[in-house]
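Biologist: I would like to go through this structure by question and answer. Please give the cut-offs as the terms come up.

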Amino acid sequence: MTKATQEEETEATEETTETTKKKEDTTDILDTDLESLPGLGPATKKKLNDAGIYTILDLAVKSPSEIADRIGSDLARATEFANKARLQLVSAGVLEKDFVPASEIYKKRLAIERISTGVKSLDTLLSGGIETQAVTEFYGEFGSGKTQVCHTLCVMVQLPKEQGGLDAGAIYVDTENTFRPERIAGIAEARGLDPDQILSRITVAKAYNSSHQELIVGELGSVLDKQKIKLVIVDSAVAHFRAEFLGRGTLADRQQKLNRFMHMLTRTSEARNLAVVVTNQVQATPDAFFGDPNKPTGGHVVGHTSTYRIYLRKAGKNRIARMVDSPYHPDQEAAFMLGSKGVDDVPEDAPSKRR
Ligand code: ATP
Ligand code: MG
């Protein structure tokens, strides 16, 4: 393991659970200006601000190598800033200490919430819905329903808790120009909701290339502080990286950037107790003699950083979702369909055809 990865690994970004008493005292520190860090002058502050890092929390959730990259400093100096930021958050009770009792972690995990997908079979597959404090990846070929799942989730997250939502808004990072407000409006209407109200709680960010995409996710903090957001979508997480880094020679670079990007998402989901959903394409592996030749793109990087991976495939008019590599979900499948409600249950009298 390289030094940089080790530092990245050890940089914990845990927020105390809502049940912790200190919670009320932490709001101020979350907004604390960077200049309150000893040794951080106005010039560095400006560079950090230019890179979308405004608060101590923004700084603490970034990896030192990323900070070094963004402000053009050496790794040691960036590590020093990241550590100082972390220590301030620890002493304010925002971050947990490096050694935490398992009971604390358990308490934090009790704060995990779920967003219904709007489909019973998919919710069952996901043990109740998409989890906060996790990155859930949907991968599959074109037209398999990834974008439809994302659109539906943007509506579902807004429902009250008793109806499967979290009474909160969503951020949609659109990298392929496939976000359609009219589709959101249609899904809302089909589900008996007010389209205007639903649209008003979805913030869209179009990412024009991989660096822009990274910048947008790095700046999420400012939006998250202003609104109650419980869902961040990146559709697609990998496409720009694939398009820009072609050929074997650039593979290492691509994987490093992608790794940094995925880690940033994981940290945000944990620190803010929100759900992150990313989509990913597949590529055919011609050397696969048995089974499905489609494999997710992005290699090990995306696979290892996503908490849950769900493979979507077409099955006639319907779609099949399969949970892949989950730490605790059984390896099972669920059928669903695409329709006016976005994603929906397959009617009982029309069983799905399996391939
Ligand atoms: P890509 O890899 O190209 O991004 P995707 O997995 O994101 O693909 P989606 O855009 O989610 O694919 O799915 C497209 C499919 O969704 C269409 O082929 C169509 O079957 C279905 N679809 C889209 N809009 C509607 C609608 N209003 N009603 C019913 N089905 C729809
Ligand atoms: Mg899509």
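Modeller: A polar contact is a pair of N or O atoms within 3.5 Å; within protein, one must be able to donate a hydrogen and the other to accept it, and residues adjacent in sequence count only if both atoms are side-chain atoms. This is a predicted model, where local features need pLDDT of at least 70 and side-chain atom pairs count only at pLDDT 80 or more, while totals for chains, interfaces and linings use all residues. Residues are numbered from 1 along each chain as its sequence is written, chains are lettered from A and ligands numbered from 1 in the order in which they are written, and side-chain values use heavy atoms, with hydrogens and water left out.

Biologist: Which backbone oxygen does the side chain of Ser269 reach?

Modeller: Ser269 sits in helix α15 (residues 251-272); helices (H or I, at least four residues) and strands (E, at least two) are DSSP runs, numbered from the N terminus. Ser269 is buried, with 0% relative accessibility, where buried means under 20% relative accessible area, exposed over 50% and partly exposed in between (1.4 Å probe, protein chains only). At 2.8 Å, the side chain of Ser269 reaches the backbone oxygen of Thr266.

Biologist: With which side chain does that of Thr132 make a polar contact?

Modeller: Thr132 lies in the loop between β2 (130-131) and β3 (134-140) and is buried at a relative accessible area of 0%. Beyond its neighbours within four places in sequence, its contacts (heavy atoms within 4.5 Å) include Ala111, Glu113, Leu166 and Asn273. The polar contact, at 2.8 Å, is with the side chain of Asn273.

Biologist: What is the phi of Asn273?

Modeller: Asn273 belongs to the loop between α15 and β7 (275-280). Its relative accessible area is 6%, so Asn273 is buried. Although Asn273 is not a glycine, its phi is positive, at about 50°.

Biologist: Is Asn177 buried or partly exposed?

Modeller: Asn177 is in the loop between β4 (169-174) and α10 (181-190). Its phi is positive, near 60°, in a residue other than glycine. Because its relative accessibility is 43%, Asn177 counts as partly exposed.

Biologist: Which element supplies the largest share of the shell around ligand 1?

Modeller: Of the 13 residues around ligand 1, those that come nearest are Gly143, Lys146, Thr147, Gln148 and Arg183; a residue is near a molecule or strand if one of its heavy atoms lies within 4 Å of it. At least two residues of the shell come from each of α9 (146-156) and β12 (333-339). The largest share, 3 residues, comes from α9.

Biologist: How much of the accessible area of ligand 1 does the protein cover?

Modeller: A polar side-chain atom of Thr147 lies 2.7 Å from an oxygen atom of ligand 1, and a polar backbone atom of Gly143 is 2.8 Å from an oxygen atom of the ligand. A polar side-chain atom of Arg183 is 3.0 Å from a nitrogen atom of ligand 1. Of the 660 Å² of accessible area (Shrake-Rupley method, 1.4 Å probe; for residues, only the protein chains shown count as cover) that ligand 1 has on its own, the protein covers 60%.

Biologist: Where is the cis peptide bond that involves Ser236?

Modeller: Ser236 is in the loop between β6 (229-235) and α14 (239-244). With omega near 0°, the cis bond runs from Asp235 to Ser236.
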